Amino acid sequence: MRHTPILRFVAKRVLFGLLTLLVISVLIFGVTQALPSDPAAVMLGRDATPEAVAALRHDFGMDRSLPSQYTHWLGGVVSGDLGTSFSTRLPLSEYITPRVANSLFLLACAGLVSIPISLAIGAYAALKRDKGFDNASSLVLLVLAAMPEFVVGTLLVILLATFVFKVLPATTYLSPDQPPWADMKGLVLPVLTLVCAVTPYVARVMRASMVEVLESDYVEMARLKGMPERTVLLRHALPNSVGPVFQVIALNLAYLAGGVIIVERLFNFPGIGSALGEAVRSRDLPVVQFLALVIAAVYVLTNLLADVGTVLVTPRLRTRL
Amino acid sequence: MTVIDAGHAPSTPSGSASVLAVDRPPSVLRQALRMRRTQIGLVVAGVMVAIALFGPYLAPYGAREYVGSPNVRNAPKTRFGTDYFGQDVWSRFLHGGRSILILAVCATILGVGLGTLFGLAAAYARGRTDELLMRALDILLAFPQVLLSLVVIAMFSPSGFVVVLTVGFTTVPRVARIMRGAAIGVVERDFIGAAEAIGESRRRVLFSEILPNVSATLLVEANLRLTYAVGLIASLSFLGFTPELNSANWGLMIQENGSALTVQPWGVFLPTFAIAALTVGNGLISDGLSRVVAGIDRGKANV
């Protein structure tokens with residue numbers, strides 16, 4: 001019975017997340033539909049006859065009322081029928097799902113690498129507060145945080161793939177139907193760029209949180225009790241400073257979902273970034289809508305995990321449930 | 001937020017300033033300027049701003065002038081050779097910063113102005129209005145800034161007007177969050193109640209009582225947002241969305257000359273270092289300011 005409050009809390013958060021997604025889906029649908037230019041006319045080109053445009057609009061269901069189009073679209077997304085791409089005429093599940101998988105893999109790699117690194121940097125900088133490591137790391141992180149991803153990526157290419165060291169390929173060689181791990185070496189630079197983009201933020205919050213915890217009464221108490229420093233840090237300081245960091249990790253993972261658009265373009269990685277660019281240009285609404293929904297879902301999901309994670313690691317919040 | 005936390009800020013003089021709680025922007029600037037990193041940032045960013053603004057007058061060739069065969073590193077009569085299209089790299093570099101900088105400044109003014117307005121209004125209104133306003137803005141946060149800007153700009157046109165509007169509006173919820181957080185402590189203070197009691201209008205309370213008390217946070221936020229706006233607008237140009245076709249633009253230059261990187265590196269080197277210097281210089285200034293204002297280095301979410 002002890003676990004019920006937590007389960008109820010999780011259920012409430014999931015419900016709220018789904019509600020947010022529903023609002024977002026209405027927003028995506030509304031905005032993309034309201035945009036000027038008729039996709040059917042764009043698809044058929046300049047000299048299409050009005051009849052051909054009307055026929056195409058009928059084929060794609062664009063002649064129905066907006067609410068009916070929306071429910072049809074949402075029903076399709078929920079049941080796994082994602083519709084058909086306007087420009088390639090392929091079903092989305094065939095054309096876009098592998099790319100989404102590629103990008104999610106890239107995102108997961110970046111998260112798995114950057115989270116432990118940034119937590120470690122932040123914690124260590126807090127321990128060595130105002131000493132060499134703290135100052136040096138804060139400056140490096142500051143520089144990395146200021147630059148846009150494509151500049152960091154270009155600098156990495158200059159440094160690691162072309163001029164200074166020639167150890168890594170400058171682009172990914174991956175056809176969309178290959179699994180993303182088929183070219184691990186080509187994955188290094190994109191992942192590294194994304195890691196550079198988010199590590200500064202997480203590390204800084206971790207440092208601030210750890211500094212606060214290290215000055216708290218219970219850490220002093222633990223020290224005064226004569227506990228070895230190692231135990232003080234690992235048992236008392238670290239677990240308590242991680243809580244507030246979860247929210248920032250979530251925000252940053254969601255931010256990465258935008259960062260991949262740039263990084264994929266830079267490294268020629270076949271993911272949602274390149275697909276989105278093309279889709280936007282050719283007014284491929286089903287693709288744009290679906291990708292926007294996927295990216296928003298990443299945001300909702302990471303926030304959900306962060307909320308639940310924060311409660312689980314913070315005893316004070318856990319008992320309040 | 002405006003209270004200087006002397007315990008965390010060894011570099012700020014504890015004493016009168018921290019007791020007064022209301023600190024005035026000039027003193028924040030002056031304190032920040034005493035820091036080495038702010039000084040370096042100011043010099044670096046200043047040089048890049050000067051290049052961006054005055055470069056076009058110094059350029060030996062026009063931005064779209066054909067001067068020789070493409071991708072030649074030491075083409076005659078050029079300083080850094082020619083680019084992918086046979087244009088002078090040095091001239092295009094000198095022309096390439098102005099539009100990014102001007103658009104970024106406009107977008108920042110729009111986004112930070114509106115964001116501050118919403119944030120302060122939400123904090124002052126409290127209750128239902130606050131909740132509703134912030135929830136509505138939160139929904140926008142679900143979309144990364146790049147994604148929203150990309151979709152809107154591509155659907156309409158990459159004209160300067162559209163770029164400023166989209167980058168500005170996507171900045172609004174992010175700024176509103178921070179400014180609301182800064183103002184929420186101020187609206188609880190007695191002088192706000194006193195101002196209301198003597199019959200000051202709500203608008204006057206908002207702008208003459210609350211706003212001056214969050215001006216330090218506003219200063220940091222504005223500078224930080226300018227850094228991000230430069231980065232975002234450069235990124236959009238990198239993706240090919242520039243106001244004019246084949247205009248000289250640092251972001252676009254990196255994209256255009258990327259494939260010839262090993263043959264003619266200058267076409268990529270110059271704009272890359274320019275954007276890096278501009279954003280890092282600005283970031284150093286932000287960091288100096290936020291150290292003075294918040295007392296601790298700001299662990300800020302990347303939103």
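This is a predicted model: local features need pLDDT of at least 70, side-chain atom pairs count only at pLDDT 80 or more; totals for chains, interfaces and linings use all residues.
1. Helix 5 (98–125) and helix 8 (160–186) of chain B are among the elements that cover the buried residues of helix 10 of chain B. The buried residues in question are B:Leu206, B:Ile210 and B:Asn213. They lie on the same side of helix 10 of chain B, because the arc they cover around the axis is only 90°. B:Arg203, B:Arg204 and B:Ser208 are exposed on the other side of helix 10 of chain B. An α-helix has 3.6 residues a turn, so residues three or four places apart point the same way.

2. The length of this helix can be checked. Helix 10 of chain B has twelve residues (residues 202–213), which at 1.5 Å a residue should span 16 Å; the C-alpha atoms at its ends are 16 Å apart, so the two agree.

3. What is chain B built from? Chain B has 13 helices and zero strands. From the N terminus, its elements read α-α-α-α-α-α-α-α-α-α-α-α-α. Of the 303 residues in chain B, 51% are buried. Among the contacts in chain B with a separation of 6 or more, 71% are between residues 24 or more positions apart.

4. The largest nonpolar core holds 147 residues, and B:Leu150 and B:Ile233 are those with the most contacts inside it. Setting aside residues up to four places away in sequence, B:Ile233 touches B:Ile100, B:Leu103, B:Ala104, B:Val163 and B:Val167. There is also a second, separate core of 20 residues, which includes B:Val112, B:Ala123, B:Val175 and B:Ala182. In soluble globular proteins, nonpolar side chains tend to be buried together.

5. Next, the contact between the chains. On the chain B side, 38 residues are in contact with 44 residues of chain A. Helix 7 (145–155), helix 11 (215–238) and helix 13 (266–294) of chain B each supply at least two residues of the side that touches chain A. Which helix gives the largest share of that side of chain B? Helix 13 of chain B does, with ten residues. Sorted by class, the side of chain B that touches chain A has 24 nonpolar, eleven polar and three charged residues.

6. In chain A, helix 10 (residues 217–224) has eight residues, of which zero are buried, so this helix lies largely in the open. Just after helix 10 of chain A comes A:Gly226, with a positive phi of about 90°.

7. A:Gly277 is placed in helix 12 (residues 272–281) of chain A. With 18 other C-beta atoms within 10 Å, A:Gly277 is partly exposed, since a residue counts as buried at 20 or more and as exposed at 12 or fewer. Apart from neighbours within four places in sequence, A:Gly277 is in contact with A:Arg265 and B:Leu239. A:Gly277 and A:Met227 are 50 residues apart in sequence, and their C-alpha atoms are 57 Å apart in space.

8. A:Leu293 belongs to helix 13 (residues 285–313) of chain A. Is A:Leu293 buried or partly exposed? A:Leu293 is partly exposed, because 19 other C-beta atoms lie within 10 Å. Between A:Leu293 and A:Ile24 there is a separation of 269 residues in sequence, but 7.6 Å in space, C-alpha to C-alpha. Leaving out neighbours within four places in sequence, A:Leu293 is in contact with A:Ser25, A:Ile28 and A:Val77.

Methods
Residues are numbered from 1 along each chain as its sequence is written. Chains are lettered from A and ligands numbered from 1 in the order in which they are written. Helices (H or I, at least four residues) and strands (E, at least two) are DSSP runs, numbered from the N terminus. The expected span of a helix is 1.5 Å times one less than its number of residues. The arc is that of the directions from the helix axis to the C-beta atoms. Two residues are in contact if their C-beta atoms, placed from the backbone, lie within 7 Å. Ala, Val, Leu, Ile, Met, Phe, Trp, Tyr, Cys and Pro count as nonpolar, Asp, Glu, Lys and Arg as charged, and the others, Gly among them, as polar. A nonpolar core is a set of buried Ala, Val, Leu, Ile, Met, Phe, Trp, Tyr and Cys residues joined through C-beta atoms within 7 Å.
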